[in-house]
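Trainee: Please go through this structure with me, beginning with a single residue and then widening the view.

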Amino acid sequence: MAKNSNLHAAKVAKNDEFYTMLTDIEKEMSNYKDFFKGKVVYCNCDDARESNFFKYFSSRFEELGLKKLITTGYKPEGRGVVLVYEGDKNGNRKVEDEEITIKELEGTGDFRSPECIEFLKEADVVVTNPPFSLFREYVKQLMDYGKKFIIIGNQNAITYKEIFPYIKNNELWLGASMNGANRWFYAPDNYEVKENAAGYKVENGRKMFFVNGVVWFTNISNEKRNTKLDLFKRYSNEYPKYDNYDAIEVSRVENIPMDYDGVMGVPISFLHKYNPEQFEIVKFRKGDDDKDLAVNGKTPYFRILIRRKSS
Ligand SMILES: C[S@@+](CC[C@H](N)C(=O)[O-])C[C@H]1O[C@@H](n2cnc3c(N)ncnc32)[C@H](O)[C@@H]1O
């Protein structure tokens, strides 16, 4: 099942078309409620007919105290669409069609297009689930424009050479919910899939599938980021040392010793527990010889080298 759903997810990821469930958006956004006050939110990969990001922010516009909500939808073969919502006008606390400004864009609505960059400049924060295949470029643009963001990506993006330096420098971190486990996402109605395919279901008439290793990436502080990881283990010489770096291998995050002052190699799932007050990130993946970290000639899956900060 896991293998099949992996294959399935890979096929879908190639399509870059799957839609986030409202419950997943609600869960993550609940960690930043105070942040949104007075902000312009931009969802730049969001066809408003499909996007629960638009639904989430428009229906909670007053509760969050937003200033403006902009969403742009991409049409590769045509003209994209922009929707602007500036809150409830008639006081009935409902998001109504006449309160939403809808316009066709000049171009496709590509997040890199000049007109979308103008919306980006106006925005305080970008929140969306962008196409995974353009993730590197997508993040770079957000960084170049100095924007705050809460976005969905694949956990593997942590390992990209374009992304990891941001994590190391504490310019980007993982969100508070989703821990890289599989999540259900909506598929487009025209998505072709066999009726009994693994990791696939139809719910309320919508096609849905499981995607592996999905996480939130953000540069906005959240409580989880400020929570210290409880450590229970003490260092012993049972922790192996790397062949090509002066550090110990800690194969499970819960086994990080509380009393080891040197460098430790940990799995990337550590980033779900990473508090920069407690640890610093020293290096990623490679030993002194610039080859993958190895213990007795064996290479564990992507390790992050960290050091405890003195408390
Ligand atoms: C993974 S889907 C997520 C959709 C929506 N944000 C959600 O979570 O429900 C990514 C979306 O990005 C759109 N997209 C693909 N390439 C794009 C581009 N270059 N610029 C803007 N949007 C793009 C796709 O059409 C798709 O709707």
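Trainee: Which residues is Leu305 in contact with, leaving aside its neighbours within four places in sequence?
Mentor: Leu305 is in contact with Tyr245, Ala247, Val263, Gly265, Val282 and Lys283 once those neighbours are left aside. Two residues are in contact if their C-beta atoms, placed from the backbone, lie within 7 Å. Please bear in mind that this is a predicted model, in which local features need pLDDT of at least 70, side-chain atom pairs count only at pLDDT 80 or more, and totals for chains, interfaces and linings use all residues. Residues are numbered from 1 along each chain as its sequence is written.

Trainee: How far apart are Leu305 and Gly265 in sequence and in space?
Mentor: Leu305 and Gly265 are 40 residues apart in sequence, and their C-alpha atoms are 4.4 Å apart in space.

Trainee: Where is Leu305 found, and is Leu305 buried or exposed?
Mentor: Leu305 is found in strand E15. Helices (H or I, at least four residues) and strands (E, at least two) are DSSP runs, numbered from the N terminus. Leu305 counts as buried because it has 22 C-beta neighbours inside 10 Å. A residue is buried if 20 or more other C-beta atoms lie within 10 Å of its own, exposed if 12 or fewer, and partly exposed in between, with C-beta atoms placed from the backbone.

Trainee: And Ile306, what is it in contact with, again leaving aside neighbours within four places in sequence?
Mentor: Ile306 is in contact with Met264, Val266, Phe270, Phe279, Glu280, Ile281 and Val282. Ile306 is also one of the residues that touch the most other members of the largest nonpolar core, along with Val41, Tyr42, Phe57, Ala123, Val126 and Val127. A nonpolar core is a set of buried Ala, Val, Leu, Ile, Met, Phe, Trp, Tyr and Cys residues joined through C-beta atoms within 7 Å.

Trainee: How many residues are in that largest nonpolar core, and where does it lie?
Mentor: The largest nonpolar core has 72 residues. Domain 1 (2-224) and domain 2 (227-308) both give residues to this core, so it lies between them. The bounds come from an automatic or database domain assignment.

Trainee: How far apart are the C-alpha centres of domain 1 and domain 2?
Mentor: Those centres lie 32 Å apart. The contact takes 12 residues from domain 1 and 10 residues from domain 2. On the side of domain 1 that touches domain 2, helix H7 (164-168) and strand E7 (173-174) are the elements that give two or more residues. H7 gives the largest share of that side, 3 residues.

Trainee: Which residues come nearest to the ligand?
Mentor: Tyr19, Thr20, Cys45, Tyr74 and Asn129 come nearest, out of 21 residues around the ligand. A residue is near a molecule or strand if its C-beta atom, placed from the backbone, lies within 6 Å of it.

Trainee: Finally, how many helices and strands does the protein chain have?
Mentor: The protein chain has 7 helices and 15 strands. Of its 311 residues, 34% count as buried.
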